Amino acid sequence: MATITLLHPYLLMILFSTAVATITTPPQTRQATTIKQFLDSHNVVRAKHNLPLLVWNTRLANFAKWHANTRRGDCALDHSVGDLGENIFWGQGRQWKVAEAVGSWAFQEKYYDSTHNACLPNTDCLHYTQMVWKSTKYVGCAKTKCNSGDTYVVCEYYPHGNVIGQRPY
């Protein structure tokens, strides 16, 4: 016959709160992890070309968060106005990770024709070239969920790249 042990409610509360505390990640840790994911995803691509690593900039991240939040209602791929470089990612559903969003921009490398300093015909490579623009030093990004449940990612770059007549690296 099985024995059931009843615990005092106070002891149950302590046990439960301890268990929850061990599986809950503090917001500061989640933020630091997200920043590291954004930086690592960018800098692995830049390192392939021996470019200086990007540095996280909180002001850029705050601007990216503001812009992402203005698009929560429609998830439209509309760029902000200003003198920053900007990459935007939209993915259907909530499952998209930072590395996948940044990876979608890095994937465009195969569309960049370095001989002619242009994207191949009928392709887009400008997200990639912004990521690897040699004079760009700072990045700040934000990831949000649109009202539809889709994923929206914005990265801001300073100084901006994609200057006509110049090469990214």
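Helices α2 and α4 run roughly parallel to each other, a label given to angles under 35 degrees, with over 145 called roughly antiparallel, 65 to 115 roughly perpendicular and the rest oblique. Two packed helices are described by the angle between their axes and the distance between those axes. Here α2 (residues 27–47) and α4 (residues 98–106) pack at about 25°, and their axes are 9 Å apart. Axes are lines fitted to C-alpha atoms, for helices over the stretch in contact, and angles run from 0 to 180 degrees between N-to-C directions. Helices (H or I, at least four residues) and strands (E, at least two) are DSSP runs, numbered from the N terminus.

The model is predicted: local features need pLDDT of at least 70 and side-chain atom pairs count only at pLDDT 80 or more, while totals for chains, interfaces and linings use all residues. Residues are numbered from 1 along each chain as its sequence is written, and side-chain values use heavy atoms, with hydrogens and water left out.

Next come the charged pairs. Side chains of opposite charge can pair when their charged atoms come close. With a salt bridge defined as a side-chain nitrogen of Lys or Arg within 4 Å of a carboxyl oxygen of Asp or Glu, the count comes to 4. Within helix α2, Lys36 and Asp40 lie 4 residues apart, about one turn of the helix, and the closest N and O atoms of their salt bridge are 2.5 Å apart. Glu109 and Lys48 also meet in a salt bridge (2.9 Å, N to O). This pair links distant parts of the chain, 61 residues apart: Glu109 is in the loop between α4 and β3, and Lys48 in the loop between α2 and β1 (55–56). Lys48 is exposed, at 56% relative accessible area, whereas Glu109 is partly exposed, at 24%; buried means under 20%, exposed over 50%, and partly exposed in between (1.4 Å probe, protein chains only). A network of salt bridges links Arg71, Asp74 and Asp78.

Most residues other than glycine have a negative phi, and most peptide bonds are trans. Cys75, however, has a positive phi near 60°; Cys75 sits in the loop between α3 (58–70) and β2 (85–91) and is buried, with a relative accessible area of 8%. The peptide bond from Tyr158 to Pro159 is cis, with omega near -15°, and Pro159 lies in the segment after β6 (151–158).
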